[in-house]
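Keep the structure open while you go through the points.

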Amino acid sequence: MKKIAVAVLAAVALMATGCAKKTTVVINNADDLVGKKVGVQAGTTGEIYASDIEDVKISSFKSGIDAGLALSAGTIDAIVLDELPAKEIVKRSPKLKILDQEFSLEDYAIAVRKGEPELLNSINASIRKMKTDGTYDMLQKAFMPAEGEIVIPVIKETAPDGNILKMGTEASFPPFEYTEGTKVVGFDVSQSQVIANDAGRKLQVVAMAFDSLIAALQSGAVDFIAAGMTVTEERMLEVDFSEPYYQSKQVIIVRK
């Protein structure tokens, strides 16, 4: 009887182990996202694209980095996010990878309040100048190096006593904007410093949640938005956009 009881207990333990085994979620392309738990950064185009997936369960996060932590922990199945921030997330987590498939190409631009052509024209003039005098290429190589680490360039402030020009951004979107110590840095910040210099004004960076930026712009809390913001028809109803300064794409991050 004792041997039989031991055998029964062993069988029960084996069955319990089998029941506890987690089902592996395999995602090889966008079609595999149907019915899955997908993480996005709140207010981004990634959230828009992911919402169109059939039976998807959307989890919105304050930042892509927060979504990356959730994916590593297994509480979501995938993330839809802009390519360069996605690469930074994967670089920090050996558990994650980016699928070799894109959702769409999209243009980043700077947003200003409607009815402010003087500021918009000044920003456009600075973007054109940076693309012709080599400044844009310098910033791109510094913040998006083909090899090695980011080296933050020094953009000297030339109008420290000028009227303040407030840049609204969301500071967890590397390499466009992120924190280094207590300072917000990134491609958009350095580019905005050039814009402020050209306008004879002093740049002030105001960081907040991405989905609060347009409301802050419209209320006058900031003067423009530089936050890796994609030009969309919906946003064009609320703000005016500068000429595009970067073309990105949406990618899918999954666990290896």
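The points below cover sheets, helices and salt bridges in turn. The model is predicted. It holds 10 salt bridges.

- β7 and β8 pair in the antiparallel sense over two bridges. Phe173 stands opposite Glu177 in β8.
- Three residues separate β7 from β8, and the two strands form a hairpin.
- Strand β8 (residues 177–180) pairs with β9 over three bridges, again in the antiparallel sense.
- Two residue pairs place β8 against β9. Tyr178 stands opposite Val185, and Thr179 stands opposite Val184.
- β8 and β9 also form a hairpin, with two residues between them. Gly181 sits in that turn and has a positive phi of about 75°.

- Strand β5 (residues 111–112) pairs with strand β11 (residues 224–225). The sense is antiparallel and there are two bridges.
- Ala111 has Ile225 in β11 as its bridge partner.
- Strands of a sheet pair through backbone hydrogen bonds, either parallel or antiparallel.

**Helix packing: α6 and α7**

- The axes of α6 and α7 come within 10 Å. They cross at roughly 155°.
- Angles over 145 degrees count as roughly antiparallel, so α6 is roughly antiparallel to α7.
- The crossing of α6 and α7 is right-handed.
- From α6, the contact is made by Thr135, Tyr136, Leu139, Gln140 and Phe143.
- From α7, the contact is made by Phe187, Ser190, Gln191 and Val194.
- An α-helix has 3.6 residues a turn, so residues three or four places apart point the same way.

- Helix α3 spans residues 64–73. Its buried residues are Gly64, Ala67, Gly68, Ala70, Leu71 and Ser72.
- Gly74 follows α3 and has a positive phi, near 90°.
- Asn124 lies in helix α5. Its relative accessible area is 9%, so Asn124 is buried.
- Leaving out residues up to four places away in sequence, Asn124 touches Ser242 and Glu243.

**Salt bridge Lys249 to Glu83**

- Lys249 forms a salt bridge with Glu83, and the closest N and O atoms are 3.8 Å apart.
- This pair links distant parts of the chain. Lys249 is in strand β13 (residues 246–255), and Glu83 is in helix α4 (residues 83–92). They are 166 residues apart.
- Glu83 counts as buried at 18% relative accessibility, whereas Lys249 is partly exposed at 22%. The cut-off for buried is under 20%.
- Glu83, Lys87 and Lys249 are linked in a network of salt bridges.

**Salt bridge Lys129 to Asp198**

- The side chains of Lys129 and Asp198 meet in a salt bridge, with N to O at 3.5 Å.
- Lys129 lies in helix α5 (residues 117–133) and Asp198 in helix α7 (residues 187–198), so the pair ties together parts 69 residues apart in sequence.
- Lys129 is partly exposed, with 33% relative accessibility. Asp198 is also partly exposed, and its relative accessible area is 36%.

**Salt bridge Glu157 to Lys202**

- Glu157 and Lys202 meet through their side chains in a salt bridge, at 3.1 Å from N to O.
- Glu157 sits in the loop between α6 (135–143) and β6 (164–169). Lys202 is in strand β10 (residues 202–207). The pair links distant parts of the chain, 45 residues apart.
- Glu157 counts as partly exposed at 29% relative accessibility. Lys202 is partly exposed at 28%.
- Side chains of opposite charge can pair when their charged atoms come close.

Definitions and conventions. Residues are numbered from 1 along each chain as its sequence is written. This is a predicted model: local features need pLDDT of at least 70, side-chain atom pairs count only at pLDDT 80 or more; totals for chains, interfaces and linings use all residues. Side-chain values use heavy atoms; hydrogens and water are left out. Two strands pair if DSSP finds at least two bridges between them. Helices (H or I, at least four residues) and strands (E, at least two) are DSSP runs, numbered from the N terminus. A salt bridge is a side-chain nitrogen of Lys or Arg within 4 Å of a carboxyl oxygen of Asp or Glu. Buried means under 20% relative accessible area, exposed over 50%, partly exposed in between (1.4 Å probe, protein chains only). Axes are lines fitted to C-alpha atoms, for helices over the stretch in contact, and angles run from 0 to 180 degrees between N-to-C directions. Angles under 35 degrees count as roughly parallel, over 145 as roughly antiparallel, 65 to 115 as roughly perpendicular and the rest as oblique. A crossing is left-handed if the near helix is turned anticlockwise from the far one by less than a right angle, and right-handed if clockwise. Contact means heavy atoms within 4.5 Å.
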